[in-house]
Amino acid sequence: MDFLELEAVTKEFPNPSGPPARVMDRVSFSVREGEFMAVLGPSGCGKSTLLQMAAGLLPPTSGEVRIAGRRIDGPPPEAVYVFQQYTRSLLPWRNVRDNVAFAVEHRIGRRRARDAAETQLGQVGLSGFGDHFPWQLSGGMQQRVAIARALAAEPAMLLMDEPFSAVDALTRLDLQALILDIWTRRRLTVLLVTHDVEEAITLADRIAMLTHRPATLAGMVEVGLPRPRDPITTRELPRFLELRHQLLGQLLHRHAV
Ligand SMILES: Nc1ncnc2c1ncn2[C@@H]1O[C@H](COP(=O)(O)OP(=O)(O)OP(=O)(O)O)[C@@H](O)[C@H]1O
Ligand SMILES: [Mg+2]
């Protein structure tokens with residue numbers, strides 16, 4: 001079943017000195033329930049704009065976004081958004097436990113929210129760090145806290161905008177392994193925006209390729225690598241290298257998908 005559907009989504013931004021600037025042109029694709037979809041495209045092509053429209057944070061100029069068959073006109077309860085900049089998404093005056101609890105305390109009360117937060121922190125490998133403040137943790141650990149907070153709301157869908165781009169290469173592999181593990185256990189629907197070809201291939205079932213601005217859908221690539229995947233060994237498979245060659249070539253305009 002399709003969980004997230006984009007139908008002929010077009011986005012224009014007002015331009016004070018001329019006609020509106022079109023950044024996305026009739027993009028249509030669907031993400032099935034439980035599917036891991038990556039969106040890959042060159043810098044500035046409109047990836048974040050697309051994700052914000054999927055999250056109901058930004059309205060399309062025309063076309064529509066549906067979640068579980070419903071047209072959305074605001075943030076849907078099924079989805080949570082993980083931002084690129086963990087330094088801006090965590091509350092510095094709250095400790096790690098209370099940052100995670102923040103996602104659910106309005107619903108279930110502070111005490112139960114704290115218990116739920118401890119459970120989520122365990123799932124992202126941060127048991128015992130609840131009393132620390134975000135600024136006492138490394139970047140990768142802070143992003144783990146942001147992921148724990150996203151999961152605390154028990155969303156059906158995770159929307160992630162380059163969630164690992166602000167950490168070093170090794171931490172990035174570590175976080176990719178974490179996301180694979182979480183996705184395998186919970187079978188969430190995931191839409192992950194990235195400009196990293198290897199990350200998209202390692203994680204996703206399918207990859208939606210966008211063109212330069214105004215973004216159109218250049219192609220939909222079936223990854224077809226066996227699961228469970230591992231950020232190290234998966235990168236050594238012939239199919240991985242073949243896809244990497246094909247997608248990098250397309251991003252660099254050498255050939256079409
Ligand atoms: N609120 C806005 N008003 C006007 N233009 C905007 C607005 N938001 C984004 N844009 C423009 O839309 C285009 C797409 O931006 P977007 O941030 O979605 O790209 P992106 O693919 O996420 O880029 P990056 O790879 O750098 O993260 C850019 O040219 C940007 O300048
Ligand atoms: Mg972006």
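Here is a quick tour of the domains, the core and the ligand site. This is a predicted model, where local features need pLDDT of at least 70, side-chain atom pairs count only at pLDDT 80 or more, and totals for chains, interfaces and linings use all residues. Residues are numbered from 1 along each chain as its sequence is written, while chains are lettered from A and ligands numbered from 1 in the order in which they are written.

**Domains**
- The domain assignment (automatic or from a database) gives domain 1 (2-78 + 157-251) and domain 2 (91-154).
- Between the centres of domain 1 and domain 2, taken over C-alpha atoms, there are 26 Å.
- 10 residues of domain 1 are in contact with seven residues of domain 2; contact here is C-beta atoms, placed from the backbone, within 7 Å.

**Core**
- The largest nonpolar core has 71 residues, and A54, L159 and L191 have the most contacts inside it.
- Such a core is a set of buried Ala, Val, Leu, Ile, Met, Phe, Trp, Tyr and Cys residues joined through C-beta atoms within 7 Å, with buried meaning 20 or more other C-beta atoms within 10 Å of a residue's own, C-beta atoms being placed from the backbone.
- Domain 1 and domain 2 both give residues to this core, so it lies between them.
- Skipping neighbours within four places in sequence, A54 is in contact with L4, L6, V65, L159 and L191.

**Ligand 1**
- Ligand 1 is surrounded by 13 residues, the closest being F13, V23, K47, S48 and T49; the cut-off is a C-beta atom, placed from the backbone, within 6 Å.

Note on methods:
Contact = placed C-beta atoms within 7 Å. Buried ≥ 20, exposed ≤ 12 C-beta atoms within 10 Å, placed from the backbone.
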